[in-house]
Amino acid sequence: MAKIVVDGNEFEVNPKNNLLQECLSLGLDLPYFCWHPCMGSVGACRQCAVKQYRDENDEKGTIVMACMTPASDGARISIADEQAHDMRERVIESLMISHPHDCPVCEEGGECHLQDMTLMSGHNYRRYDKKKVTHHNQYLGPFINHEMNRCITCYRCVRFYDDYAGGNDLSAQASHHHTYFGRHEEGTLENEFSGNLVEVCPTGVFTDKVFSQAYTRKWDLQTAPSVCTGCSTGCNITPGERYGSLRRIVNRYNSEVNGYFICDRGRFGWEYVNGEERIKTPVQVVGDESKGMSDEEIDELFNDLAKGVVIGIGSPRSSNESNYALRKLVGEANFYPGIANNEHAINQLILELHKDKAFHTPSVREIERADAVIIIGEDITNTAPRIALAVRQSVRNKASELAELNNIPVWQDAAVRELAQQERGPLFILSNAASRLDDVAQQTLIGTCAEQAQFAFAVAEALEGGTPAGLTEQQEKVLLEVVEALRHAKRPLVVSGSSNGSIEMVQAASNIARALSGDQPSHMALVFPEVNTMGLELLVGPEQKLSTALERCSSGEVSGVIVLENDLYRRAPTAAVDNALLQADTVVVLDQMHSATTSKATHVFPVTAFSEQESTYVNYESRAQLSFQVHQTVTDAKPGWKWLTNGDSDINSIIKDCSDEAEGFGSLDGLVPRLSQFVVGLKIPRQSHRYSGRTAMIANRNVHEPKQPEDNESVMAFSMEGMPAMKDASILGSTWAPSWNSNQSISKFQEEVNGELKQGHTGTLLLTEKTETGIPFQPIQVEGGGDSGQLTLSLAFQIFGSEELSARSPSIQKRMTDAYVALAPVDAARLEISHGDAVAINGGPVAVACIREKISEGSCVVHCGAQINPHDLAGAVSLTKTSESLPGKGLSGLIVSDLCEESY
Amino acid sequence: MSRPPLDIGAYEANDGYQSLHKIAAGMSAADVLETIKSSGLKGRGGAGFPTGLKWSFVPQGESSPQQKYLVVNADEMEPGTFKDRLLMEGDPHLLLEGMIISAYTIGASIAYIFLRGEYHGSVKTLKKAIAEAYEKGYLGSDILGTGYGLDIILHTSAGRYICGEETALLNALEGKRANPRAKPPFPQVSGLWGKPTIVNNVETLCNLPGIITYGIDWYQGLGQGADAGTKMFGVSGRVKNPGVWEMPLGVTIRELLEDKAGGMQDGLGLKAFLPGGGSTDFMLPEHLDLALDYDEISQKGGSRLATGTMIVLDDQTCPVGMIGNLMKFFAHESCGFCTPCRDGLPWVDTIFRDFEAGRGSEKDLSILKEQVDYMGPGRTFCALAPGATAPLGSGLKYFEDDFKEHIQQKRCTYRN
């Protein structure tokens, strides 16, 4: 620790940080723009000017930029100094020279860092009376609006988009006061994290286009702390609602998980919640007719079902509570995971590995700190995007090391980047096709799942001191690099997952991690495709297979089946599902939207979306997190568990019950805050203290003021009154602090900048008990492919399209492609298939041909989306050109680096 | 130019490349470094930093990065400055010889000439000279049997003033935006592509062959005052004989202005002058007898010697117009990175345009004065805006009456 003096007061600070960061950590108000808590300093905006004094006798001092000055021991500064204050006022004045006076119609208004800083600096009158600079705006795709006239040239957008997230289609252009931030030409911003520009931009240049369609001021949004349901990372989010419809999602800071950033699937994939496709009331299907159900009929249905044996099929996209309630209703023996057999087997293996002492599953923050990474077969950019962003940061730890050697503080972002240039920490990727992290990878090895597994086994063998056989020359060369890098790393990381359905890859991954573990467990992140895969898998055993459930239904031995939030046609072969649903007398489906499965149901119940219910989910680390209800549903939907417990339970009881009864969920109950922990039992308002129009919200329909809806279960209230959330960051929906209306107010809630939230907890790890170390798995041998002319198949995932619910959001759909089959140029030539052709797979499902440079000969990679049931495809397929027409989107908008469309 | 450029034969006939033979005969890199350090040579690009000292910051030895670079700053864009051009168009081999000495000393195997794009003549002469030097074995592998090799690459700039700032130059050379870099790391430690790099001005390098060939004593004997060696001095403006001359450091301003440049044109008086290019403070006729060396100009003249190329303001030319012209240049050449420079200079520029058009006001005059402090040293990211405030600040001080006249008369009083 170092001691510094700020305006005569002594403080203890961390000398490894800069003065701006330390002042903010101390809770002092000092305006800034270009500095960002996790992107460091570049010294562009000159807003954080302070006066620095040499010693206590120095009365003159010099103006320095706090963000560019280390908080070294003995530093004496003044924020209040008149010259420093004047400098900050001048900086705002010149930033505002061409800034439009459009705050009232600007979507940033009310949560604009520029507004806040302008007030804080004291600038209030524009002396500039000359002509303003104006710019043309660009179309940037379905997610982001562009209004360059508002730009204050802080360079944060390109620093995030290019430097941090690895984008290459947004740049600073032109110079002097004409500096322009945009694309080389109009078009969609391609990077998977583009939505963060909305939050990174300190003013209204980049705003949320989806939010624009039904815009609401920040203070008029009803919000609550929530968890993203887009994948298994479990990013923390703040959804906002107004007039009964969800309006937007923004990042919610969690020091261990997502920090300041979320992906575009998470930010924009929520529109289905308001969609017309939502199931609105419970219905019974009789013949071709469907009719509504009364409460009595519903009671009767569940009573009848209880008389016989009922199969329950849970869901990886459903909460712990709903899955648990279903298990309880049907009994453990009759409860099955709604997960494909091969994936289920891998997931269960992952659970076992979680208990093994040899391994530790790192949080996203820990992933960022890795100094050598190997990714085996999991396309994390598309299956767990936030983790991909973290891996992208991990390769920069090399730059930090170099910086330390050269006595350059790591927060000197530009200096560190110029110093390190192309020097990166080692990242190795085994993949079935080019991935979006290849640009920072030391090596990318392309191969089939079996080839990847074989290579990974070889790495493990070599790490154990063996000499693996059967590798090609190129593989041997890469092997040496991998082994060298992993051996020398202090914090090596192995990443894999269950998306591809190859258990050998996960086994091989664990062998590598096991070989790397010594006294300390080694870091291994095994991700799942869906938000609560882990939670569901914890409720079932490995022997409970979906295929068994379907067979039991088909056999006619059961009286009915209850399918919870699941489209079984994404989980098992079409014929098997068809038969099971046909043979079962009663098919009850609870879901948010209609699907192929609901169309086969005898009874359909509407369930609430993630923002309409309080629930818990378990992420890839076994981190259980509580997601609060943000708003009430406008339909008859209820949380799944509410239907399944026949209304006999409330959220606190069901969580308590699950916590007590279900193995592994013991600490779940601890997630739920109790009213008694807050001052005089006051509830936490979901609405801000500035929430407007409450008494007149429905005045166009009814002049009577509506009674505020009551929430009898949660500690949160549908109200403006209660204990302000800013008093307790553990239930922080939307951040706000006096003088800080924008998301930058987060520093007021952190223990220190980038630290944990005050009072907040980052979630609870469920699997903390470790068993003895296991033994490595036996390597597999790749069988030589026959000359059948068939292609070995593996699956491709897309951030936009592979997740079931987000794929039903209009803005996400604009970024989706049709189902496609990617193949190598040689195979395409042999089969006389051209890029963009319609191709029948095994004479059945049709996909668009996508010819890619980086794909192995003799293999193909299929993206199924919602159009193809992947379980209908065999491990090897034949492709034939077909004249059958395709739905129409084709491949437009597909973002991969190795397309061959030019030459094919 | 009074003569065509020397070809390699003529250059060699006039002791050209002798320094390399001397080095090949047994001077180690450390010997050369020591010689240059002791010679007292200061950088001729403007800042006047001791050249040998700068070189000594380059990490050497086994553990240091093996790839090092020499970069010649030939992006001569300082207003009123055209001394490097004369050297490159008149004596290109002198620069190459200096580059070889410098590269050898710091251990660079590749050297770049970052040349101002508009210097078409220099492109031609340098290309020819480089080819000749390769042919004669002064460039390429194993120069003069020393085992040391060097390649020189000529890069013509796309044309930004900011590329004269050495770290912006490095960014531009790497194909990035020409924004200055944060220091540290200094280029000597981490420069071009993150490798140790020395960036030297053309004229600085042209001093090296003489120092090695004729020795330190000879070199130091050339200066008349405190500083060693000679310097290229230039005069532009309405003098009888504008041009560039090599003169000993320490001659008086009067000598340069009256003897070499022939004094003011008939009917014109000297009002003021910028001693070393567009980003130096104005000096007045009372300063004419000061010596042209680094310390005297700054300590007694309140300005900087900088590039040593003087811009003369006569008494029939509007000082407001002259400063306005400079401000237009600097505003346009701001890289756009930091706020005071990017947004301050264009404001200043528009105010000058208003003055020019007779719309100047007291309010604008007070804003101009404020902007001088606002864009001053320490408040901006690099030296561009503080450089621009030099003629602005001193001009506002010396020519306040002219500004006031513009306001009162609502026109430029130097025009009829």
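In chain A of this predicted model, strand β36(A) directs S859(A), V861(A) and H863(A) one way and C860(A) and V862(A) the other, and all are buried. In a regular strand, side chains alternate between the two faces of the sheet. With five of its five residues buried, β36 (residues 859-863) of chain A is therefore largely enclosed by the rest of the structure.

Two strands pair with β36(A). Strand β32 (residues 791-796) of chain A runs parallel to β36(A), with five bridges between them. Here S794(A) lies opposite V861(A) of β36(A). Strand β33 (residues 820-823) of chain A is antiparallel to β36(A) and is joined to β36(A) by four bridges. In this pairing L823(A) faces C860(A) of β36(A).

Chain B is assigned domain 1 (8-222), domain 2 (230-314) and domain 3 (319-409). The C-alpha centres of domain 2 of chain B and domain 3 of chain B are separated by 23 Å. Contacts link ten residues of domain 2 of chain B with eleven residues of domain 3 of chain B. On the domain 2 side of chain B that touches domain 3 of chain B, strand β7 (residues 270-274) of chain B supplies the largest share, three residues. That side of domain 2 of chain B comprises five nonpolar, three polar and two charged residues.

Definitions and conventions:
Residues numbered from 1 in each chain as written. Chains lettered and ligands numbered in written order. Predicted model: local features only at pLDDT ≥ 70, side-chain atom pairs only at ≥ 80, totals over all residues. Buried ≥ 20, exposed ≤ 12 C-beta atoms within 10 Å, placed from the backbone. Pairing = 2+ DSSP bridges. Domains from an automatic or database assignment. Contact = placed C-beta atoms within 7 Å. Nonpolar A, V, L, I, M, F, W, Y, C, P; charged D, E, K, R; others polar.
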